[in-house]
Amino acid sequence: MIDHAHDLASVRDATERVLTAAAGLDNASVAEPSRLPGWSRGHVLAHLARNADALVNVLEGRPMYATASVRDADIERDAPRPLDVQLTDVRESGARFQDAGAAPADWSRTVELRNGVVDSASQIPFRRWAEVELHHVDMGIGYELEDLPEEFTQRETDFLVERFDGHPDVPSTHLTDGTHAWSTGRAAEKPEITVTGSLVDLLGWLCGRRDGSGLTVDGGSLPTLPPL
């Protein structure tokens, strides 16, 4: 069972980690490229702030973003801001998300995100947790996949395996870290491909942060996963 209150606390902790780390930057380094193609670190911080507000919209029954173009324009608008403005925005938008999460609500209700995706409201805090943790890594400021909380790494791997399960463009794939095992991709009587590696390397490949070079593949080549 999803414990949304636990996940909200985890979001708060993750937000403090990224704020503390980013506070060691300066305006010049915020403008430098992040690990995401075409995005500076300022883009990442701007996205974290605007995503918090977007998920408040989701929890309160409004469209996540007005349109995809408005989402993109807001990030481009906010990306060049000075570091202190960026940090204040991430902190204050994070507080708004926490306030929305603390409001009495039916956490079993279905909510709508982007592109027609629906989910249980109880999953929204975990989705925010993933945004904060993975984009902290994307900033390239010393926080790596290996630094992620173990609980998060396990749950995000489970989440992404489920996301690709049944996807027609992903071959039937068995994944294992030697202790845990998952199946994803197209339905088949038996897996077409087996992928083996550490949990961190599996997550890195599933979330598009690593190329899979640390993984062992049997039965074919490493599948190319659709964008998240």
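User: Why is Phe126 called buried?

Analyst: Buried means under 20% relative accessible area, exposed means over 50%, and partly exposed lies in between, with a 1.4 Å probe and protein chains only. Phe126 has 2%, so Phe126 is buried. The model is predicted: local features need pLDDT of at least 70, side-chain atom pairs count only at pLDDT 80 or more, and totals for chains, interfaces and linings use all residues. Residues are numbered from 1 along each chain as its sequence is written, and side-chain values use heavy atoms, without hydrogens and water.

User: How do you know whether Trp129 is buried or exposed?

Analyst: Its relative accessibility is 2%, so Trp129 counts as buried.

User: How many aromatic pairs are there in the whole structure?

Analyst: A search finds four. Rings of Phe, Tyr and Trp (its six-membered ring) pair if their centres lie within 6.5 Å; planes under 30 degrees apart are stacked, over 60 edge-to-face, the rest tilted.

User: What makes Phe126 and Trp129 an edge-to-face pair?

Analyst: Their centres are 5.8 Å apart, and their planes stand at 85 degrees. That angle falls under the edge-to-face rule.

User: Why is the pair of Phe126 and Phe152 called tilted?

Analyst: The centres are 5.8 Å apart and the planes 35 degrees apart. Phe126 and Phe152 are both buried.

User: Which residues do ring pairs link into a cluster?

Analyst: Phe126, Trp129, Phe152 and Phe159.
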